[in-house]
Amino acid sequence: MERPLTQHIPASGAALHIKEYEAVGGYTALRKVLQEFTPAEVTARVKDADLKGRGGAGFSTGMKWSFVPMNVSGPKYLVANADEMEPGTFKDRWLLEGNPHQLLEGMIISAYAIQATQAFVFLRWAYKDAAREMNKAIADAYAAGYLGKNILGKNYSLEMQLHTGVGRYMCGEETALLNSLEGKRAIPRAKPPFPQVSGLFGKPTIVNNVETLSFIPHIMNNGGDWFKSLSHTADGGTKIYGVSGQVNNPGAWELPMGVTMRELLEEHAGGMKNGFRFRGALPGGASTDFLTDAHMDVKMDFAGVAAAGSRLGTGTMVVLDDHTCPVGFVHNLEHFFAQESCGFCTPCREGLPWTEKILYALEQGHGTYADLDQLDMHTKLLGPGNTFCALAPGAMEPLQSALKYFREDFEQHIKEKKCPYAHHSH
Amino acid sequence: MLSDTEIAQITHELQQVPVKKAACIEALKIVQQERRWVSDESIEDIASLLDMSTAEVDSVATFYNLIFRRPVGRHVILLCDSISCYVMGYTKIQNKLMELLHIKYGQSTDDGRFTLLPNACLGTCDHAPALMIDNDLYRDLKEEELEKILKKYE
């Protein structure tokens, strides 16, 4: 089984430095691209591989790049979205800490494809080790001639900068991230114009996820058919999956795209801990719908998870066990979303705290049946099309599916006027 | 008044950006690095350096979770309260910390040693529950380890 993204990362997770990276074929893709490929040919190959964005939305990467106007002069930007902050998600941390040059090489090739003049790594503040390693990697890449003026003696130049954030979930949304890079509040921008045309400082800009960009050197070296062959399903490539919660072996693994939920939970995560029963899981971070026992054979790719009524999202699963209250679980999520709402549009700013308060009341034993109607209503009124960005609709995904799959738990809180779970006593 | 070091660092940032405003977040980080928090006076100083209104700078400062607009202790404890840590029982860690430090969220110890804050997901969910003190990450936390961890910070 091939694991292109993580095979060279030592088990300790320590970073591969430039010499070690070069020794395992690092920067050969960049050499090859600058010698043999026009920018359009790079984009064509990525399109041909049908690489889909690993940040959560699953949009075609090559397609995204193809919207950048190529016959304009002036600055253009490429940004690596390394602001991993989706609760339950810890996959990009592995790549950032373990193989920073793979990301840089992917970024330089991607920047060449859109003829960007400047690239940024927008890094989560909490990733202190990654910040240290990225700074070193950028300096080493400059010293080796992979960055700066006339890269490897060719007619292409690129500057690279690390930006560490100051903490706000909204920065994961690409237009909000761009506002933050401009020194502003991270509120989302109206689209169109899309960032590909008018992004950072009004210039054409591509924002891609760390895992997405880390694939680029491998796709350039091995081609689209190879990339597709890594997968079990129609969505190509490997995927970094993760599992957290009361399982025997929580962690992250690079696996063929399209492994089943059962395989992930039982083979890789080692099954539920003794005394804990599986009740459900958010398959791809906090803003995805629950999957349950009935979905164990769902193939974890973009189409498979969508057909099961959820989203692959970030591919990092959070497990709900039978000792954890589903109402408390969802209350925790809505507390997060209410806190992280940027407050720019009214449904999100007002609606999320309302759902948080209702869920808190239910947990405290003060809930009524009318509250369930209110929650149902919110899942619709904060759903897609009613808010400025995807934050509130994402926040409603775990809530609407909890109301569907764990309704009896909600009702039990109302009937018994208390939370029936002995909280956190395990 | 901003120190010469702060002004030098902010001036350096200004050279990296096409418009002055774009250095706002970096300027806030620089000031906080030096003073641990950002006072009203510092907001005014940054505003005049970047040709912004104080309200504009404050709107940025108050938006971000990790810019502190009130004084904090010598060490800031950020306890993850997001979903994986919830499932793995962060509330026990929270209660123990509050008991050991005699403070609640948002408060600092009387000796100015610690400030305790809840924090959104630290991205280390396979090792929940987790917290950070300054630049140090602690994972797979158990209540009984907390006292020893706190002892490392003066």
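**Figure 1. Burial and layout of chain B.** In this predicted model, buried residues make up 55% of the 154 residues in chain B. Chain B holds seven helices and four strands, and reading from the N terminus its elements follow the order α-α-α-α-β-α-α-β-β-β-α. Taken along the principal axes, the C-alpha atoms of chain B fill a box of roughly 50 × 30 × 25 Å. Among the contacts in chain B with a separation of 6 or more, 60% come from residues 24 or more positions apart.

**Figure 2. Where chain A meets chain B.** Here 54 residues from chain A and 41 residues from chain B take part in the contact. The size of an interface is often given as the accessible area lost when the parts come together. For chain A and chain B the buried area is about 3700 Å², with carbon and sulfur atoms giving 59% of it. How many salt bridges are found across this interface? The rule finds zero between chain A and chain B.

**Figure 3. Two helices of chain A packed at about 80°.** Welcome to helix α16 (residues 391–405) and helix α17 (residues 407–416) of chain A, whose axes are 4 Å apart and form an angle of about 80°. The two helices, α16(A) and α17(A), are therefore roughly perpendicular to each other. On the α16(A) side you will find Ala402(A), Leu403(A), Lys404(A) and Tyr405(A), which meet Arg407(A), Glu408(A) and Phe410(A) of α17(A). Sorted by class, this contact has four nonpolar residues, three charged residues and no polar ones.

Figure 4. Side chains of opposite charge can pair when their charged atoms come close. In this view Asp235(A) and Lys52(A) form a salt bridge, with their closest N and O atoms 2.9 Å apart. Asp235(A) sits in the loop between α10 (224–229) and β5 (238–244), and Lys52(A) in the loop between α3 (39–49) and α4 (61–66), so the pair ties together parts of chain A that are 183 residues apart in sequence. Both Asp235(A) and Lys52(A) are buried.

Figure 5. Over all chains, a search of the whole structure finds 29 salt bridges. In one of them, Asp92(A) pairs with Lys91(A), the closest N and O atoms being 2.8 Å apart. Asp92(A) counts as buried at 2% relative accessibility, and Lys91(A) is buried too, at 1%. Over in chain B, the side chains of Lys96(B) and Glu99(B) meet in a salt bridge with an N to O distance of 3.7 Å. Lys96(B) and Glu99(B) are three residues apart in helix α6 of chain B, so about one helical turn separates them. Lys96(B) is partly exposed, with a relative accessible area of 23%. Back in chain A, salt bridges that share partners link Lys91(A), Asp92(A), Glu211(A) and Lys239(A) into one network.

**Figure 6. Backbone features to look for in the loops.** Most residues other than glycine have a negative phi, and most peptide bonds are trans. Lys191(A) and Pro192(A) are joined by a cis peptide bond, with omega about -5°, and Pro192(A) lies in the loop between α8 (174–181) and β4 (205–209) of chain A. Another cis bond runs from Ala128(B) to Pro129(B), with omega near -5°; Pro129(B) is placed in the loop between β2 (114–119) and β3 (131–133) of chain B. Asp51(B) has a positive phi near 55° and belongs to the loop between α3 (40–49) and α4 (54–61) of chain B. Is Asp51(B) buried or exposed? Asp51(B) is exposed, with a relative accessible area of 58%.

Conventions:
Residues numbered from 1 in each chain as written. Chains lettered and ligands numbered in written order. Predicted model: local features only at pLDDT ≥ 70, side-chain atom pairs only at ≥ 80, totals over all residues. Heavy atoms only, no water. Axes fitted to C-alpha atoms, helices over the stretch in contact; angles between N-to-C directions. Parallel < 35°, antiparallel > 145°, perpendicular 65-115°, else oblique. Contact = heavy atoms within 4.5 Å. Nonpolar A, V, L, I, M, F, W, Y, C, P; charged D, E, K, R; others polar. Buried < 20%, exposed > 50% of the residue type's maximum accessible area, 1.4 Å probe, protein only. Buried area = accessible area lost by both parts, 1.4 Å probe. Salt bridge = Lys/Arg side-chain N within 4 Å of Asp/Glu carboxyl O.
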